[in-house]
Amino acid sequence: MRTLIASLSLVMMSVACAGQENNPKESEEMKPKMEKSDQEWKEKLSPDEYYILREAGTERPFTGKYNLHFEEGNYRCAACDAVLFDSDSKFESHCGWPSFDNVADNDAIIEREDRSFGMVRTEVICANCGGHLGHLFDDGPTESGMRYCINSVALDFEAKKEGEEKSEEVDKDESEASN
Ligand SMILES: [Zn+2]
């Protein structure tokens with residue numbers, strides 16, 4: 001009996017050791033470029049931004065400032081300013097969050113599996129700073145079939161500048177864009 005226990009604990013020990021050694025993080029290449037401590041992020045971000053971007057929170061549906069926002073321009077990461085989405089890819093999804101059918105640049109975001117809340121979802125994070133943006137679903141209504149469901153809090157909108165050389169004030173009456 002004693003030998004059984006001894007060999008059992010030996011097996012367990014070696015399993016534990018093996019577990020420690022053979023566990024290289026395989027997704028190391030997918031690491032965000034920017035590294036800041038939680039304290040640094042707390043100082044930089046508002047409490048809402050920190051909750052969404054750093055703690056993977058979700059804003060309440062239909063409350064975000066960009067949910068029904070359809071101006072032309074870029075959507076940047078609220079934490080690090082990286083361009084994430086273009087207004088051309090934004091569509092009304094009726095889900096309560098800003099939705100996009102594509103990213104501005106494939107390198108702009110990182111997708112990873114999220115098994116929280118008993119669901120298997122694809123989490124979308126900013127490739128530059130690692131901030132949580134939202135989730136990606138494959139039930140989009142457009143050609144791409146993608147629906148990037150993103151928190152408004154995680155985004156900053158930058159309106160498209162038309163004709164940089166024109167120094168006239170922005171006029172209220174919107175003439176048709178000269179595309
Ligand atoms: Zn970012």
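**View 1. Strands β6 and β7 pair in the antiparallel sense.** In this predicted model, four bridges join β6 and β7. One of the residues in this pairing is V124, whose bridge partner in β7 is G134. As a general rule, the strands of a sheet pair through backbone hydrogen bonds, in a parallel or an antiparallel way.

**View 2. An open sheet of six strands contains β6 and β7.** The order of the strands is β3-β4-β8-β7-β6-β5, and the pairing is antiparallel. Which strands stand at the edges? They are β3 (90-91) and β5; each has a single partner strand, so one side of each is left without a neighbour in the sheet.

**View 3. The loop between β5 (109-114) and β6 (121-126) holds F117.** F117 is not a glycine, yet its phi is positive, at about 60 degrees. Is F117 buried or exposed? F117 counts as exposed, because it has 6 C-beta neighbours inside 10 Å and the limit for an exposed residue is 12 or fewer.

**View 4. Helix α3 has the buried residues E49, I52 and L53.** Seen down the axis of α3, these buried residues fall within an arc of 85 degrees, so they line one face of the helix. What covers the buried residues of α3 includes β7 (132-137). Strand β7 is also part of the six-stranded sheet, in which the order places it between β8 and β6.

View 5. A56 lies in the loop that runs between α3 (47-54) and β1 (73-77). The phi of A56 is near 55 degrees, a positive value in a residue other than glycine. How many other C-beta atoms lie within 10 Å of A56? There are 17, and A56 is therefore partly exposed, as a buried residue would need 20 or more.

**View 6. Three strands form an open sheet in the order β2-β1-β9.** The pairing in this sheet is antiparallel. The edges are taken by β2 (83-86) and β9 (155-159); each has a single partner strand, so one side of each is left without a neighbour in the sheet. Neighbouring strands of this sheet are turned by 30 degrees against each other on average, direction ignored.

**View 7. Strand β1 pairs with β9 and with β2.** The antiparallel pairing of β1 and β9 runs over five bridges. Here the bridge partner of R76 is D156 in β9. Between β1 and β2 there are three bridges, again in the antiparallel sense. In this pairing N74 stands opposite D86 in β2. The two strands β1 and β2 form a hairpin with five residues between them. In this hairpin D81 takes a positive phi near 80 degrees.

View 8. From the N terminus on, the elements run α-α-α-β-β-β-β-β-β-β-β-β. The chain has 179 residues, of which 25% count as buried. Among contacts between residues at least 6 apart in sequence, 57% join residues at least 24 apart.

Definitions and conventions
Residues are numbered from 1 along each chain as its sequence is written. This is a predicted model: local features need pLDDT of at least 70, side-chain atom pairs count only at pLDDT 80 or more; totals for chains, interfaces and linings use all residues. Two residues are in contact if their C-beta atoms, placed from the backbone, lie within 7 Å. Two strands pair if DSSP finds at least two bridges between them. Axes are lines fitted to C-alpha atoms, for helices over the stretch in contact, and angles run from 0 to 180 degrees between N-to-C directions. The arc is that of the directions from the helix axis to the C-beta atoms.
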